[in-house]
Amino acid sequence: MNKIEKIYHNLLKEYGPQGWWPLLELDNSNHINITKTGTINGYHPNDYSYPKNENQQLEICIGAILTQNTSWTQVEKALINLKRMNALSVKGFKKLSIGKLKEAIKPAGYYNQKSKKLILFIDFFKNLHGKFPTRNELLEIWGIGPETADSILLYCYNQAEFIVDTYTKRFLLKNKIIDENDFKTLSYDNIKQIFIINLDLNYELFQEYHALIVEDGKNEKNN
DNA sequence: TTCCAGGCAATAC
DNA sequence: GTATTGCATGGA
């Protein structure tokens, strides 16, 4: 077992399966139950069968765009607003005016940019008609960069793409996989390859590993 | 008050 | 190709 695999097993042992990507679960009266600090009751540990329908696919993609440089607690507020406006479906989203859209996603910040990104993405998504997008197709969309593309591929389409985010580089540095110089100079794809070459190409493993890195990163900050 | 959060595009060099 | 800057909100 290599070091990347070893660390994974330690993290899993420490935190347990995370059940990413979280999805909204509102009850019949639109009530939200908080179970995990700052999160809604949408985690599904040890169940990798999501998303289960097109609306859940869309919800993951919208969340991936909204969470760009923004904390998830803020994104949840925006998602709940959209859900209550019945806008977490292609049909419902298309009915939203630009003003209503901006109002709904305001808690997640950058609402001028993100409203534009969402509108462009939903047009792309609609034209897929259920087909899987390629990574390059996603990257051609204005507003979709490497991390958002990989988040969509990994958690919406269950493709074994490893996500590199702000936590991931710090995580590698902390575990002495890379040094300070690597931290400054390695590109997104360089970092991604470290995981790809050391792991089985298994989407369930990739989903869990990324979620555990984030959990570990959040935990680190509270210490 | 300052800093930062599950980035990205535009611009500058 | 690499470095810097604007985008916006709310919590710590």
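**Entry 1: α2 and α8.** I looked up helix α2 (residues 54–66) and found that its axis comes within 9 Å of that of α8, the two crossing at roughly 155°. That angle makes α2 roughly antiparallel to α8. For angles, under 35 degrees counts as roughly parallel, over 145 as roughly antiparallel, 65 to 115 as roughly perpendicular and the rest as oblique. Axes are lines fitted to C-alpha atoms, for helices over the stretch in contact, and angles run from 0 to 180 degrees between N-to-C directions. Helices are DSSP runs (H or I, at least four residues), numbered from the N terminus.

I then listed the contact, meaning heavy atoms within 4.5 Å. From α2 come Gln 57, Ile 60, Cys 61, Ala 64 and Ile 65, and they meet Thr 148, Ser 151, Ile 152, Tyr 155 and Cys 156 in α8.

**Entry 2: the model.** This is a predicted model, in which local features need pLDDT of at least 70 and side-chain atom pairs count only at pLDDT 80 or more, while totals for chains, interfaces and linings use all residues. Residues are numbered from 1 along each chain as its sequence is written, chains are lettered from A and ligands numbered from 1 in the order in which they are written, and side-chain values use heavy atoms, with hydrogens and water left out.

**Entry 3: α3 and α5.** How far apart are the axes of helix α3 and helix α5? I found 7 Å, with α3 (residues 72–84) and α5 (residues 98–105) packing at an angle of about 140°. α3 and α5 are therefore oblique to each other. Ala 78, Asn 81 and Leu 82 of α3 make the contact with Leu 101, Glu 103, Ala 104 and Ile 105 of α5.

**Entry 4: DNA strand B.** I counted 26 residues around DNA strand B, of which Trp 21, Trp 142, Glu 147, Thr 148 and Tyr 167 come nearest. A residue is near a strand if one of its heavy atoms lies within 4 Å of it. Sugar and phosphate make up 64% of the atoms of DNA strand B that come within 4 Å of the protein.

For Thr 148, I noted a side-chain N or O atom 2.6 Å from a phosphate oxygen of DNA strand B. A polar backbone atom of Gly 145 is 3.0 Å from a phosphate oxygen of DNA strand B.

Terms used
A polar contact is a pair of N or O atoms within 3.5 Å; within protein, one must be able to donate a hydrogen and the other to accept it, and residues adjacent in sequence count only if both atoms are side-chain atoms.
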